[in-house]
Amino acid sequence: MASEDINRVVGEIGLRHGRERWRLMDIVRDVQERLGAVGPEAVDAIAGWLGIARVEVEGVVGFYSFLSSGQRGRVVIRLCDDVIDRMAGYDAVRAAFEGALGVKVGETTPDGEFTLERTACIGMCDQAPAALVNDVVVTNLSSDKARVIVRMLRDQKDPSKLVHRFGDGNNSHPLVRSMVENNLRKAGPIVFSGQTRGEAIRKALAISPAEVIRAIKTSRLRGRGGAGFPTGMKWEFARAAAGDRKFVICNADEGEPGTFKDRVLLTELPDRVFAGLTIAAYAVGAAEGIVYLRAEYAYLRRFLEQVLEKRRADGLLGRSVCGKPGFDFDIRIQMGAGAYICGEETALINSCEGLRGEPRNRPPFPAQRGYLGCPTVVNNVETLACVTRILEAGPATFCERGTHQSSGTKLLSISGDCTLPGVYEVDMGITLREVLELCGGEDAAAVQVGGPSREMVGPAEFHRTIDYDDLATGGAVLVFGPDRNIVEIVSAFMEFFVHESCGFCTPCRVGTVLLKEKLDRVIAGRGEPKDLEDMLELAETIKQTSRCGLGQASPNPVLMTLRSFRPVYDALVKPDPHGYRRGFDLQASLREAERVAGRGSQQHQEGVP
Amino acid sequence: MSDRFTITVDGREIPAAPGQTILAAAQASGIYIPRLCHMDGIEPVGACRVCTVRANGRVVAACTQPATASMVVQSQTDELVSWRRQLVEMLFVEGNHFCMFCEKSGSCELQGLAYRLGIAAPRYESIWPRREVDASHPDIILDRNRCILCGRCERTSRDLDGKHVFGFVGRGIHKRLAVNARARLADTGADVTDLAIGACPVGAILRKNRAYRTPVGDRPFDREPIGAPVETRAELTINGGPAS
């Protein structure tokens with residue numbers, strides 16, 4: 001495309017979003033969608049429009065997986081390659097796509113029609129293997145389906161035509177029209193309780209903000225993203241913080257592999273989530289709210305916009321919410337662009353400001369200085385749904401469930417080797433064994449609770465409980481049967497962390513790469529007992545010295561399994577009977593030397609068949 | 001400003017002020033906490049993690065963590081020194097570092113720190129990344145092979161030079177130093193007199209035509225180890241001499 005055309009497109013998109021620096025994410029996303037890339041000319045045009053340095057724009061484009069400076073195909077097929085999808089047949093599906101398209105993962109077809117990519121968890125583990133075709137989700141893939149998809153895309157050119165049968169509930173809503181299934185297996189009494197629209201807000205507005213905070217504190221609600229910070233306390237900090245302008249943000253960027261419960265909440269109960277955000281705004285004194293929606297869930301965007309529009313029409317958003325004078329509040333949706341790290345609240349705030357999604361230093365905490373330097377509360381989708389129920393039914397109803405330290409219920413996203421994968425609302429404090437009975441995963445040899453960031457648990461520990469005192473989790477439960485290879489799962493998890501590291505600090509950026517290399521050497525049978533000790537030391541250093549939660553959690557797959565599944569590793573690192581160093585690959589070293597010398601050694605040549 | 005207070009660093013009681021970081025308070029009292037991504041005069045960000053200490057038991061970056069009254073800081077413990085050594089080794093294997101013919105040898109902070117921490121050779125395998133060299137500018141050379149992604153040039157250019165010549169692209173292990181032009185440093189507003197050009201702790205950003213001017217033996221870290229100026233000042237203070 002000619003430069004003047006690119007300038008014109010950027011100009012049109014810029015006009016839609018305005019000239020504020022923090023609209024950068026929206027602008028680059030739209031440019032990517034229109035032009036198939038944010039190339040050098042577009043970068044210049046965007047930088048000119050916003051009046052910022054072009055290297056800032058380039059930095060953002062290069063940070064997010066869904067943005068690209070190089071030209072992508074008109075249709076981008078992103079195959080989800082998380083562990084569960086691999087178990088469900090990712091390799092065959094990938095091969096089928098590669099065969100049908102004639103390109104490898106990471107490449108674009110010569111006609112510029114298709115780009116094939118891999119992507120981290122897209123939140124469809126209960127219907128894996130899955131992929132995104134532009135914004136359209138395709139699930140339960142097989143190699144046959146892959147070939148059919150490519151044929152249909154070639155014939156019809158329109159990814160939305162791929163969906164013939166809609167999923168249950170709102171997945172068939174005219175603005176969603178998705179084949180995604182909710183797989184809601186167990187609806188509990190808190191989050192998925194009967195819905196009375198507007199009731200919670202009216203009850204909240206009838207009491208003072210301080211009383212709302214007291215109700216949340218009485219309920220002992222803690223953050224459902226997994227970290228478990230007391231919600232009432234977070235609100236209190238933000239309320240007390242100085243500043244006329246405050247923000248509340250809903251973190252809808254569940255990216256922990258194996259997590260998909262927020263997707264179901266947003267599909268079926270968006271009103272309860274938005275109500276929770278409105279109550280949070282009232283409590284802390286915010287007039288502006290943001291829902292940070294992960295790029296993988298872009299297919300829900302128009303639907304969610306319509307829900308917001310309806311709430312405005314019904315007086316549940318806008319000026320004087322529910323007729324309460326002085327309480328004005330509205331919500332906008334901020335799209336992400338493919339970065340797991342943006343689930344971390346300060347990285348999320350940076351992303352909302354149109355910056356690279358790198359976490360910030362704390363202090364200051366977001367409640368003191370967050371979005372645009374203003375006091376900001378960031379809450380998880382599920383936390384906000386709990387808030388709505390607490391205001392509706394009273395804190396006592398909430399506390400009746402769960403344990404003292406972990407009150408209420410928890411949504412679990414269960415996937416892997418079980419008969420009933422899907423979303424479960426269970427009481428906090430449930431044992432892992434009970435969970436496995438619910439989902440038909442009694443044969444499990446290992447369960448990853450909380451996704452790669454957290455803990456791998458073996459059968460001897462299935463009596464452990466899901467709550468903040470024991471197995472704290474954002475809700476991901478990945479079930480692995482007896483035939484699964486633990487160390488390969490660990491390697492896949494490490495690959496995820498290597499890919500999703502923001503690269504800001506040394507231990508997470510470099511350490512994870514080194515740790516994965518060592519692990520892979522052990523898996524390949526080239527490890528020595530000392531390698532396991534080295535891995536422990538390296539893992540500990542990464543855990544202790546990394547700057548944010550992602551880095552600190554990134555060595556957990558190795559650390560946790562070296563503790564709970566040590567025999568698996570020991571079996572891989574038997575000392576060499578001849579006393580040779582198993583880590584040294586003589587043939588590979590010879591090849592390297594030959595490559596440098598530009599010729600092969602005679603002996604080595606003879607050794608090669 | 002509100003009242004000053006004291007903290008202890010490795011058992012020594014030192015004064016600190018509200019808002020002052022642990023690193024700054026320690027430095028003012030002549031205690032050197034190793035660091036790479038931080039330099040005096042720019043905003044600290046805590047990227048390299050080399051200044052990691054324990055403050056009241058918690059692991060924090062000394063360059064960003066504010067000191068608080070009666071805080072107990074540990075810096076020179078076996079555990080912390082071991083972590084620092086590993087972090088410095090990570091930075092070595094991440095890039096392509098050849099000290100023996102690098103013109104920054106002897107004044108390179110990465111090398112200086114490696115010597116101070118007793119690193120003879122990194123224990124990790126080198127990653128040997130492919131990185132670009134940019135010699136387009138008449139007075140400045142940009143060799144990304146030696147870049148440790150500390151961001152000192154970026155912050156200095158933005159905050160002190162008011163230019164925004166440098167930035168970063170990519171993510172994770174693929175993160176790279178970038179310049180504010182489509183490709184070449186020569187097309188940015190970079191000038192050899194920019195403070196950002198002198199901000200690089202390693203040999204990634206260098207002024208041209210200056211290489212090897214200082215004979216071996218006379219280079220800054222030939223004369224005294226990295227951090228020594230901070231500590232020398234302390235000795236003067238202890239002996240009752242001037243503090244600066």
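Before you start clicking, one term: a residue is called exposed when its relative accessible area is over 50%, and buried when that value is under 20%. Keep in mind, too, that this is a predicted model.

**Stop 1: a helix in chain A**

Select residues 301-313 of chain A, which form helix α13. The 13 residues of α13(A) reach 18 Å from the first C-alpha to the last, close to the 18 Å expected at 1.5 Å a residue.

Now show the side chains of Phe303(A), Leu304(A), Val307(A), Leu308(A) and Arg311(A), the buried residues of this helix. Turn the view until you look down the axis of α13(A): these buried residues fall within an arc of 140 degrees, so they line one face of the helix.

Next, bring in the neighbours. The cover over the buried residues of α13(A) includes α8 (199-206), α11 (261-268), α12 (270-284), β7 (288-293) and β8 (330-335) of chain A. Before leaving, click Gly315(A), which follows the helix and has a positive phi, near 75 degrees.

**Stop 2: two domains in chain B**

Colour residues 5-76 of chain B as domain 1 and residues 84-209 as domain 2. Their centres, taken over C-alpha atoms, are 25 Å apart. Where they meet, 21 residues of domain 1 contact 18 residues of domain 2. Together the two domains of chain B bury about 1500 Å² between them, with 62% of it on carbon and sulfur atoms.

Finally, select Arg158(B) and Glu43(B): they form a salt bridge, with the closest N and O atoms 3.5 Å apart.

Conventions. Residues numbered from 1 in each chain as written. Chains lettered and ligands numbered in written order. Predicted model: local features only at pLDDT ≥ 70, side-chain atom pairs only at ≥ 80, totals over all residues. Heavy atoms only, no water. Helix = DSSP H or I, 4+ residues; strand = E, 2+ residues; numbered from the N terminus. Expected span 1.5 Å × (residues − 1). Buried < 20%, exposed > 50% of the residue type's maximum accessible area, 1.4 Å probe, protein only. Arc of directions from axis to C-beta. Contact = heavy atoms within 4.5 Å. Domains from an automatic or database assignment. Buried area = accessible area lost by both parts, 1.4 Å probe. Salt bridge = Lys/Arg side-chain N within 4 Å of Asp/Glu carboxyl O.
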